[in-house]
Amino acid sequence: MLISRAVDSYITFCQVEKLNAKETVVKVRDCFRVWITPVLGDTELESLSLIDIMSLKQAMVSKGTSVARQYSVIITLKTYLRFCIEVLKVKTLDPKEVRLPDRGKPHVLVLKKDEIEQLLKNIPSYTYSGSRLRALVEV
């Protein structure tokens, strides 16, 4: 079965079985329309290999696609492969073999004790919104 043949079934699955939000379904459809179908659509699911996945990644990198978008496309492809295996009963590449792009580690800023005290001191606790903000900050 060609990759492009089961896309509509997968979109329906996302809507009725996974109960994805409309916005999520739009993003999934866009991942297929822009990247997965044009690059891999004519590939047989049964013969899909990591080399094919690398060609998809290479196409995205050469177009200057952000790491976040690459991650979104690859995670969509992985969940599609899982759908093909579990629902359609097609023997294809194991999604666990597909590596996601490294998004890097977030930079976490930690305040010092005196900075926290200064922040709390400047929140007006005599107003409703100030009390609410202070409660959120203290958590």
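Start by selecting Glu138 and Arg134: the two form a salt bridge, with the closest N and O atoms 2.8 Å apart. This is a predicted model, so the positions on screen come from a prediction. Both residues lie in helix H6, which covers residues 128–138. They are 4 residues apart, about one turn of the helix. Colour the pair by accessibility and Glu138 comes out as partly exposed, at 49%. Arg134 is also partly exposed, at 26% relative accessibility. The structure holds 5 salt bridges.

Move on to Arg82. Side chains of opposite charge can pair when their charged atoms come close. Which residues does Arg82 pair with? One partner is Glu86, with the closest N and O atoms 3.6 Å apart. Arg82 and Glu86 are both in helix H4, 4 residues apart, about one turn of the helix. Arg82 counts as partly exposed at 28% relative accessibility. Glu86 is partly exposed at 45%, and Asp94 is partly exposed at 29%.

Stay on helix H4, which spans residues 67–86, and select Gln70. Is Gln70 buried or exposed? Its relative accessible area is 10%, under the 20% cut-off, so Gln70 is buried. To see what surrounds Gln70, show Met60, Val61, Thr65 and Pro101, which are its contacts once neighbours within four places in sequence are left aside.

The last stop is Leu45. Look for Leu45 in the loop between helix H2 (22–40) and helix H3 (50–62). Leu45 has 0% relative accessibility and therefore counts as buried. What does Leu45 touch, not counting residues up to four places away in sequence? The contacts include Met1, Leu2 and Ile3. Also among them are Tyr80, Leu81 and Cys84, along with Val90, Lys91, Thr92 and Leu93. To finish, draw a distance from the C-alpha atom of Leu45 to that of Ser66: the separation is 26 Å, for two residues 21 apart along the chain.

Note on methods. Residues numbered from 1 in each chain as written. Predicted model: local features only at pLDDT ≥ 70, side-chain atom pairs only at ≥ 80, totals over all residues. Heavy atoms only, no water. Helix = DSSP H or I, 4+ residues; strand = E, 2+ residues; numbered from the N terminus. Buried < 20%, exposed > 50% of the residue type's maximum accessible area, 1.4 Å probe, protein only. Contact = heavy atoms within 4.5 Å. Salt bridge = Lys/Arg side-chain N within 4 Å of Asp/Glu carboxyl O.
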